[in-house]
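Me: Before we discuss the terms used for this structure, could you put it on display? I would then like to ask what stands behind each label.

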Amino acid sequence: MSSQPAKSEKDSSAFDSSKEEKDSKTSSTTDLSDLKLPATVTTTKAKDDTLVDEEPTPFRWTNWLLRKPVQKYDPDAISTRRSVYDAPTLAEYYWPKSDYENIHRFDPDARWTYGEEQKLVRKIDWKVMLWAAISFSALNLDRGNLSQANTDNILPDLNMNTNDYNLGNTVFRLAFLSAELPSQLVSKRLGPDVWIPIQMCGWSIVTAGQFWLTGRTSFLLCRAFLGFLQGGFIPDLILYLSYFYTKNELPIRLSLFWMSMNVCSILASFLAFGVLRMRGILGKAGWRWLFLVEGLLTLCIGIATFFKMPPGPTQTKTWYRPKGWFTDREEVIAVSRILRDDPSKGDMHNREALTLRLLWKAILDYDLWPLYIIGLLFGIPATPPAQYLTLSLRNMG
């Protein structure tokens, strides 16, 4: 008889221990819910086996040139990649800010196929990337027209020599470099979709204004203004493209940008050949018409850019584009895949200025210092031929 109470006491102790463990788990879950996660985040989400764990294979030019086989995916298979948003204990720390402009389209439970994603990326290429490439070509057109003007009589007409030309190039480079950081700060505050067309229209007006150059002083002033207005354009454009592309999609498109620079230079040479033959019209030199024509051409592109650059993937609808570019489903995919790829893109909205604290944090990131050095030095070998080849050939007769 004495063994029965002992057994009952043991069962009671086991029950209490089990109850405490259950209460502890319940308390842990309650504590997590007290953190007030967004409604779409669940704390009991099981591991989703339909998600993709491996990173996509980035495009490599060597594989394309050597005709190596490319990995093919089933267009109907799920292409959604696993991210921190699939871990209940991590999702809250990476959740986008409440004022993030695309928060209403972000859905961590959304799933999409390879076919849907490829169709969306192709649409982004045509709608966003194509006009960004045209804008970049406008930069290269106005940045390189001085070397084309050297084939005419610009230096003798302005009573300048090669020393003045060298000084003009130096002033342009210094102004360009000094404008890089301020331009990016302004771009974050106004939004690249607003600041980029302002830059384009600004430097286009200065370029066209070189039609009325009178001498060394006006030449140097125009070079300085062009440097200030063009500085920061490329980082601003990359910032804008990062709103639409993932980290594996953007590099190949940027490489095409740099390849297009040489293509633009070739086309600009043919354009200059025709425009410089306008010398004598209204008694003006050919190089004056070159600045005016190319300045007005890029001004038209700059004005059009105000209407061709929406702030983001969920802000394409406007009074002159009532249906927008993307369907609701495509907007969910566009936003969700970008944040899954890089959750930090939800830390700031596209009209939020950088703080001094964030700027100082970026400066102290010494892992990027080698990239800064490369950025300052990589263009040195190509710059002398680009700036002085036409001048040298003219002096050679």
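Me: What makes Leu282 count as buried or exposed?

Reply: Its relative accessibility is 71%, and since exposed means over 50% relative accessible area, buried under 20% and partly exposed in between (1.4 Å probe, protein chains only), Leu282 counts as exposed. Leu282 lies in the loop between H11 and helix H12 (286-308), where helices are DSSP runs of H or I with at least four residues, strands are runs of E with at least two, and both are numbered from the N terminus. The model is a predicted one, in which local features need pLDDT of at least 70 and side-chain atom pairs count only at pLDDT 80 or more, while totals for chains, interfaces and linings use all residues. Residues are numbered from 1 along each chain as its sequence is written, and side-chain values use heavy atoms, with hydrogens and water left out.

Me: What is the phi of Leu282, and what is the phi of Asn159?

Reply: Leu282 is not a glycine, although its phi is positive at about 55°; Asn159, also not a glycine, has a positive phi of about 55°. Most residues other than glycine have a negative phi. Asn159 sits in the loop between helix H6 (154-157) and helix H7 (162-190), and because its relative accessibility is 70%, Asn159 counts as exposed.

Me: How do you know whether H4 and H10 are roughly parallel or antiparallel?

Reply: H4 and helix H10 (residues 233-241) pack at an angle of about 180°, with their axes 11 Å apart, the axes being lines fitted to C-alpha atoms, for helices over the stretch in contact, and the angles running from 0 to 180 degrees between N-to-C directions. Angles under 35 degrees count as roughly parallel, over 145 as roughly antiparallel, 65 to 115 as roughly perpendicular and the rest as oblique, so H4 and H10 are roughly antiparallel to each other.

Me: Why is the packing of H4 against H11 called what it is?

Reply: Helix H4 (residues 114-143) and helix H11 (residues 250-275) pack at an angle of about 45°, and their axes are 9 Å apart, which makes H4 oblique to H11. Among the residues that make this contact are Met129 and Phe136 of H4, together with Phe257 and Trp258 of H11.

Me: What makes a set of residues a nonpolar core, and which members of the largest one touch the most others?

Reply: Such a core is a set of buried Ala, Val, Leu, Ile, Met, Phe, Trp, Tyr and Cys residues joined through side-chain atoms within 4.5 Å. The largest has 60 residues, of which Phe233, Leu241 and Trp287 touch the most other members, and H4 gives the most to this core, with ten residues. Apart from that core lies another, of seven residues, among them Trp95, Phe106, Val335 and Leu339.

Terms used:
Contact = heavy atoms within 4.5 Å.
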